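Subject: Structure handover

Hello,

Here is the structure I said I would pass on. Please open it and keep it beside you while you read my notes.

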Amino acid sequence: MIPIRFRTGRGGKRRLSTRILANQLLILALTGLIGFVLFAFAQRSELDRSYEQRALAIARTTAAEPQIKRAMEDGGGGDVVQTVAERIRRASGASYVVVIDLHGIRHSHPLPALIGEPVAEPVIAKDGRAHVGTDQGATGRSANAKAPLYGPSGALAGEVSVGMPEHDVLGELWRELPTFGLYATIATAIGAAAASLLARRLKRTTFGLELEEIACLLQDREAMLHGIREGVVAFAPDGRITVVNDEARRLLGLGTGLGHRLEEMLPDGRLRRALDGTLTGTDVSVLTDDHCLVVNRMPVTLHGRELGAVVTVRDRTELVGLLRELDSVRGLTDALRAQQHEFTNRMHTLAGLLDIGEHESAYEYAIETARSGQALTEAVRRHIGNPLLVGLIVAKTTVAAERGVRVVLTDDSALGDDPPHLHRLLTIVGNLLDNAIDATAEAPPGDGGRRIRLTLVESDELIFVRVADSGPGIAPGTAQSIFEDGWSTRPERGTARRGLGLALVHRLVQRHGGTITVGEGPGAVFTVVLPRPDAASTTELPQLTTVLPTGGDPR
């Protein structure tokens with residue numbers, strides 16, 4: 001079996017992988033830039049909080065200075081407060097250290113001209129708590145902290161306001177930003193490499209197809225699957241159904257089988273084994289309750305990778321029926337030609353007797369010839385009342401006689417004028433007799449010659465059918481497999497496909513609650529038992545019973 005292989009081409013001005021990679025790189029660059037900016041703002045806020053805490057620590061240290069506490073509680077202090085505050089400012093690197101009394105008057109400031117001047121905002125440290133924030137003061141923008149100032153007696157005497165210069169915060173931020181930029185660049189490079197790998201993997205996954213080609217393939221696939229008159233089922237490598245068209249659902253009865261395994265949808269049998277690849281070969285014939293199917297399974301590979309399998313299912317019910325009917329007509333024509341040849345020989349004998357004047361002998365010969373044909377029919381009529389079955393048995397007996405086989409209806413046979421399962425009996429008896437005739441005609445004659453024994457018995461509970469031949473019989477170990485679709489020991493003949501007759505009989509018997517058995521060894525013996533149907537179950541046979549005309553070759 002030759003696996004299906006795909007050849008992929010390149011379409012479009014820009015490849016799908018290139019477009020995806022470019023878009024991913026653009027997204028990475030934008031997200032990296034946005035992240036960098038957000039991180040810079042976050043770091044700026046963190047630095048602001050850090051410098052505000054440093055300013056608060058300086059303010060608390062200044063507020064705890066004994067000289068400043070005594071001077072502020074005494075109501076002034078002259079140059080002491082300015083001197084100490086400036087010393088602390090220069091030592092800490094602060095932008096300003098301003099000591100303010102409860103009236104909002106400055107007692108220290110980097111700009112001496114502002115000493116003794118009131119501040120613009122109220123003294124917020126009167127609540128006894130520290131406050132931090134940013135301040136646009138006389139020395140510029142700075143991170144500001146204000147701490148309450150208490151005198152030696154513990155009474156609130158004012159507040160200390162300290163500011164850290166903004167350029168220190170920005171300088172610290174600019175010193176850290178290159179490191180952040182390096183991290184962002186590395187992250188973007190890693191993202192670009194990952195995007196490139198993802199684009200390559202996507203290219204392999206889509207077999208190098210572009211977006212437009214994928215869209216066209218999808219449209220073509222849907223049009224093809226639902227437009228053809230063959231069933232199509234696709235399987236993934238793990239055996240799950242990935243594609244099933246409407247015709248496959250109709251022929252196989254899968255329903256909504258997408259995503260399921262065959263063992264979840266179909267019982268064990270020839271159909272499931274043909275679909276899952278257990279049965280190999282081309283044009284595997286499968287017989288279902290309603291259809292005669294031909295199944296082909298093809299593995300699918302691409303670039304040496306297994307992608308699963310595609311199964312096509314064709315409905316050959318009508319075609320096989322017509323071919324077998326044609327083959328049956330050909331067999332009947334051969335039988336009529338043989339009978340015509342025999343009739344011609346008898347007429348020549350009769351004419352010869354008349355020419356030589358043996359009129360009495362000619363009369364007796366004609367009477368004997370006429371009676372021999374009626375004797376067979378009357379012998380069958382004594383046991384079988386239904387004319388259709390009588391005609392079938394007589395015809396089969398005549399065909400068998402032309403091939404050197406004798407068909408004998410046993411003495412214990414008894415069937416009424418209107419037996420139950422009549423149409424089923426015609427199919428069962430016709431196919432079993434055809435099997436027996438073929439097997440016996442090619443076997444060497446035994447002690448009793450080539451002979452077939454047919455038994456038909458009708459009782460109050462069941463219908464009993466037995467066909468025993470003197471052929472080679474069934475090989476050991478094949479008693480069950482002979483009822484499978486396509487099983488045959490004989491090569492194909494003409495237009496007829498062998499291996500369906502016994503499968504049809506077996507399915508027909510089981511469908512109506514009966515049993516069929518076969519004995520192994522020299523001379524095959526097929527036994528069929530059908531229960532009598534209720535009045536409500538006497539329905540017509542399904543269309544499948546027309547696949548094998550009773551005059552065809554069931555093997």
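Lys 146 sits in strand β4, residues 140-150. Strands (E, at least two residues) and helices (H or I, at least four) are DSSP runs, numbered from the N terminus. This is a predicted model: local features need pLDDT of at least 70, side-chain atom pairs count only at pLDDT 80 or more, and totals for chains, interfaces and linings use all residues. Residues are numbered from 1 along each chain as its sequence is written, and side-chain values use heavy atoms, with hydrogens and water left out.

Is Lys 146 buried or exposed? Lys 146 is buried, with a relative accessible area of 8%. Buried means under 20% relative accessible area, exposed means over 50%, and partly exposed is in between (1.4 Å probe, protein chains only). The side chain of Lys 146 makes a polar contact of 3.2 Å with the side chain of Glu 121. A polar contact is a pair of N or O atoms within 3.5 Å; within protein, one must be able to donate a hydrogen and the other to accept it, and residues adjacent in sequence count only if both atoms are side-chain atoms. Now leave aside neighbours within four places in sequence. Lys 146 is then in contact with residues including Leu 56, Ile 124, His 131 and Val 160. Contact means heavy atoms within 4.5 Å.

Next, the salt bridges. The structure holds 14 of them. A salt bridge is a side-chain nitrogen of Lys or Arg within 4 Å of a carboxyl oxygen of Asp or Glu. Glu 86, Arg 89 and Arg 90 are linked in a network of these bridges. Take Arg 89 and Glu 86: their side chains meet at 2.9 Å, N to O. The two are 3 residues apart in helix α3 (residues 79-92), which means about one helical turn separates them. Both Arg 89 and Glu 86 are buried. Glu 86 also bridges to Arg 90, with the closest N and O atoms 3.7 Å apart. That pair is 4 residues apart in helix α3, about one turn of the helix. Glu 86 counts as buried because its relative accessibility is 9%. Arg 90 is exposed, at 57% relative accessible area.

Which residue forms a salt bridge with Arg 403? The partner is Asp 438, and the closest N and O atoms are 2.7 Å apart. Arg 403 lies in the loop between α11 (387-402) and β11 (406-409), and Asp 438 in helix α12 (residues 422-441), so the pair ties together parts that are 35 residues apart in sequence. Arg 403 is partly exposed, at 34% relative accessible area. Asp 438 is buried, at 4%.

Now a glycine. Gly 523 is in the loop between β14 (515-519) and β15 (525-531). Gly 523 is buried, with a relative accessible area of 12%. Gly 523 and Gly 471 are 52 residues apart in sequence, but 4.8 Å apart in space, C-alpha to C-alpha. Leaving aside neighbours within four places in sequence, Gly 523 is in contact with Asp 469, Ser 470, Gly 471, Pro 472 and Gly 473.

Last, look at helix α1 (residues 16-63), where Leu 38 lies. Leu 38 is exposed, with a relative accessible area of 55%.

Best wishes
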